Amino acid sequence: MTILCVRFQLPPAAEAALPGLPGLLGLLEDFTPVVQALPPDGALADLRGAERYFGRDAVELASVIRVRALAHHGIDCVIGAGPGPMLARMALRDARPGVTCAVPEDAVAEFLADKPVAALPGVGAATARTLCEYGVDTLGLVAAAPLSTLQRLVGAKAGRELHEKAGGVDRGRVVPNAVSRSLATERPFTRDELDPGRHRRALLSAAEELGARLRAVDKVCRTLTLTVRYADRSSTTRSRTLKEPTAHSAALTRAAYGMYDALGLQRARVRALALRAEGLDPAEHASYQLTFDPLDEKARRLEEVADRARARFGPRAVLPGALAA
């Protein structure tokens with residue numbers, strides 16, 4: 001186990017601005033220079049050199065990192081450890097404060113075997129649904145399936161990648177100072193919020209912000225991820241691959257609402273909602289489905305006007321939800 005995936009549990013007042021994250025990244029850099037930020041509140045750290053230098057394994061170093069984060073910043077963290085970035089991210093989902101979830105190299109197949117296919121990074125709802133329809137609903141079954149069968153179901157390239165990842169092959173690496181391929185925003189509540197209406201208004205505001213930021217840098221995103229943080233500091237994360245790459249706020253809002261509704265929350269005490277746009281590509285390289293819907297065209301023109309207003313008068317020039325109204 002050489003890779004750590006760390007998620008810092010920032011207090012509600014700091015979750016939106018993340019003022020402490022640079023200092024927390026510096027804490028990781030005390031152990032290794034190979035640190036990659038995962039906004040809004042996480043990071044990957046490659047500890048291969050640190051294990052040899054300090055004479056401790058990754059799990060022991062994770063305990064030291066957790067203690068230092070509490071002592072110097074008053075912030076706890078959740079840590080997953082694995083042989084590669086993908087496995088460390090998956091281990092993070094099973095971790096909890098005070099206990100590092102570690103995936104040893106000789107137990108990767110056992111760790112993955114019972115996981116649902118949707119738990120694998122990069123597997124969207126459509127791919128998971130297709131595999132489940134054919135009874136391939138766990139990663140153990142995916143790994144055992146013939147490669148040719150997977151390629152017929154999900155395509156040649158996707159099938160090969162899926163087969164490798166389900167078998168524990170992790171080709172990812174930690175890239176220091178990597179160019180961000182995601183944008184994220186978070187909406188913390190001043191108190192634990194039960195009202196679904198307020199949840200949806202927060203999602204609307206977050207989606208509009210993400211859309212405006214994507215358009216400002218001429219990017220589109222292929223995947224949207226929703227994270228719901230609860231009063232007990234647990235969280236739920238869902239991702240959805242969009243029908244087409246987009247920076248259109250209305251499309252992002254629909255996807256966010258769809259993921260939220262699918263959770264079926266019943267009087268959940270929500271502390272914060274976060275949206276992340278992932279898989280960013282230049283807008284000029286994206287392809288779009290032609291539409292003759294005048295309402296869609298009107299909404300896009302209104303977005304252009306709103307973007308110009310924000311650029312001239314500031315981000316509060318257009319109130320959240322104004323375009324939807």
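Arg 267 counts as exposed at 66% relative accessibility, where exposed means over 50% relative accessible area, buried under 20% and partly exposed in between (1.4 Å probe, protein chains only). Arg 267 sits in the loop between α11 and β9 (270–278), and its phi is near 50°, a positive value in a residue other than glycine. Most residues other than glycine have a negative phi.

A quick word on ground rules: this is a predicted model, local features need pLDDT of at least 70, side-chain atom pairs count only at pLDDT 80 or more, and totals for chains, interfaces and linings use all residues. Numbering starts from 1 along each chain as its sequence is written, and side-chain values use heavy atoms, with hydrogens and water left out.

Asp 218 also has a positive phi, about 55°, although it is not a glycine. You'll find Asp 218 in the loop between α10 and β7 (219–230), and it is exposed, with a relative accessible area of 54%. Helices (H or I, at least four residues) and strands (E, at least two) are DSSP runs, numbered from the N terminus.

Now for the helix pairs. Axes are lines fitted to C-alpha atoms, for helices over the stretch in contact, and angles run from 0 to 180 degrees between N-to-C directions.

| Pair | Axes come within | Crossing angle |
|---|---|---|
| α8 (147–154) and α9 (156–166) | 7 Å | roughly 130° |
| α10 (196–216) and α11 (249–263) | 8 Å | roughly 145° |

α8 and α9 are therefore oblique to each other; that label covers whatever is left after under 35 degrees (roughly parallel), over 145 (roughly antiparallel) and 65 to 115 (roughly perpendicular). Residues of α8 including Leu 147 and Val 154 meet α9 residues, among them Ala 156 and Leu 162, with contact meaning heavy atoms within 4.5 Å. By class, this contact of α8 with α9 has 6 nonpolar, 3 polar and 1 charged residues. Here Ala, Val, Leu, Ile, Met, Phe, Trp, Tyr, Cys and Pro count as nonpolar, Asp, Glu, Lys and Arg as charged, and the others, Gly among them, as polar.

In α10, residues including Leu 203 and Arg 215 meet α11 residues, among them Tyr 257 and Asp 261. That contact of α10 with α11 has 11 nonpolar, 4 polar and 4 charged residues.

Back on α9, Gly 159, Leu 162 and Ala 166 are buried. Seen down the axis of α9, its buried residues fall within an arc of 65°, so they line one face of the helix; the arc is that of the directions from the helix axis to the C-beta atoms. Those buried residues pack against α5 (108–113), α6 (125–133), α7 (139–144) and α8. On the other side of α9, Ala 156 and Lys 157 are exposed.
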